[in-house]
Amino acid sequence: MFSMQTQWNREMSNECLIVGLHKPGNPLSGVLAACDEAMDQHISQLIKSGDISDSKKSITLIHTLGKVMTKRIIVIGFGRENQVTEEDWKEALGMAFRKVKELRLNQVSIDLDSLAGANIPLERAAQLLGEVYMLSLYTFDGYKQNNIKAPVEIKEITLLSESGKTALLQENAHLGAIYGSGTNYARTLVNLPPNILTATKMAEYAKELANQYQFELEVLNKEEMERLGMGALLAVNQGSVEPPAMIVLKYQGKSEWKDVIGLVGKGITYDTGGYSLKPRESMVGMKTDMGGAAAVLGAMRVIGELKPEQNVVAVIASTDNVVSAEAFKPDDVIVSLSGKTIEVLNTDAEGRLVLADAVTYAKQHGADYLVDVATLTGGVIVALGNEMTGVFTNNDEFLKKVKRASEKSGEPMWQLPITAKDRERVRGSKIADLNNSPGREGHAIMGAAFVGEFAENTPWVHLDIAGTSVSKKSSSLHTHGATGVMAKTLAQLVVDFSS
């Protein structure tokens, strides 16, 4: 995918060259200066006249008019070098990749030296470039039969750098592409319609990953769950004609099965709310309620590629939540895999029920640390909006590692509390050990506190991605629809955990 070359020259035949420009735009240096000289200072004149902008996230396309063999140049404006953030940098580069796609080109050279700066070191720029390449060009065309123009893929990317770090930069770009590919994998799963992505089908995707990366695989069917006593997951599945699946993937990166990170994903393939029925408008889009499961599978894809020296067990509890004569009801009492009894006060608080059994099962498989990921509550959107994932924990030291991974991955999160009084509320049932929905106040906290009852003393982090798993608007990095959020963070956590 990525090849390296030490320097650009006017005889380099290419469809497009991408270069970066920081304020102030003159004097020029590097590749852009060489292009300017070959083009009789035409680029300098365009910068001086304002026709090429060095402002943040500006994109300018110029034609070389036969002065050099490269046909066109895309100039990315980054603004002032010491003010560039990674997010702005990625969005600007994503805009350039989108421009290449719009021009239907399949060959591009990129001056990596010009993209780096005070805040984005060269090695980091190479990794981010690989990631942005994958994220910005992702599409999910779905099932349209007509008027689909065959996409043009960028098949050849040549990275230019005079740093002498050829092998390292190429390796970093490839690494970034792996993280981006894992995210795109998660995005596609979330974008699939619910009549296609059932729990059974999700298990098939897990099986494909297991075969590809030699993971150990276990998929429990309904009868096996009944024998084990997974009453919480089975209750949610009670009204469905689609069988549930408890999916387990194991990756062993150490000689002994210890220090195991458990990645737990909520895999509700469609959520009507059950008898606590959602309004019509709220039901549209509920195919995305398996975003946590998708993030876990996307992370496992990255882990399979990178093969870190770390043990991981991924557990996904999957079913839909629908209404029928057999569906579970408010006022039911169910018995979870842990043995704890639960009074059901809200059948639309089903995600925490399936996570209860999944978290317990991850512990039974030896998880010493737990991270669960779920599109759990509308309350987290009210609290934090659509750009910030809500995070909860029972262990601040473990949370620090998760936060460092999220910062590296560009997937921000904000901690919300779980107090003793919050735990008292979920333990407030008069007829069972727990209730699944103590009320609307602090809704996101109540969901997290409930799941925490099953993590118990195991170091645990809960990620509520209800606001961040889907984007309603397109950007240079995200099309409308699934974001694949937390796939990168989970994988980064595993890669960095022992370091």
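Trainee: Buried means under 20% relative accessible area, exposed over 50%, and partly exposed in between (1.4 Å probe, protein chains only). What is the relative accessible area of Asp259?

Mentor: Asp259 comes out at 32%, which means it is partly exposed. Keep in mind that this is a predicted model, where local features need pLDDT of at least 70, side-chain atom pairs count only at pLDDT 80 or more, and totals for chains, interfaces and linings use all residues. Residues are numbered from 1 along each chain as its sequence is written, and side-chain values use heavy atoms, with hydrogens and water left out.

Trainee: Where does Asp259 sit?

Mentor: Look in the loop between strand S8 (245-251) and strand S9 (260-271). Strands (E, at least two residues) and helices (H or I, at least four) are DSSP runs, numbered from the N terminus. Phi of Asp259 is near 50 degrees, a positive value in a residue other than glycine.

Trainee: And what about phi of Arg104?

Mentor: Arg104 has a positive phi too, near 60 degrees, and is not glycine. Its loop runs between helix H3 (86-102) and strand S5 (107-111). Arg104 is partly exposed because its relative accessibility is 38%.

Trainee: New topic: which residues does the cis peptide bond join?

Mentor: Lys23 and Pro24, with omega about -10 degrees. Pro24 belongs to the loop between strand S2 (17-23) and helix H1 (30-38).

Trainee: Is Thr183 buried or exposed?

Mentor: Buried, because its relative accessibility is 1%. Thr183 lies in helix H6 (residues 166-191).

Trainee: Which residues is Thr183 in contact with, leaving aside its neighbours within four places in sequence?

Mentor: Leu135, Thr483, Gly484, Ala487 and Lys488. Contact here means heavy atoms within 4.5 Å.
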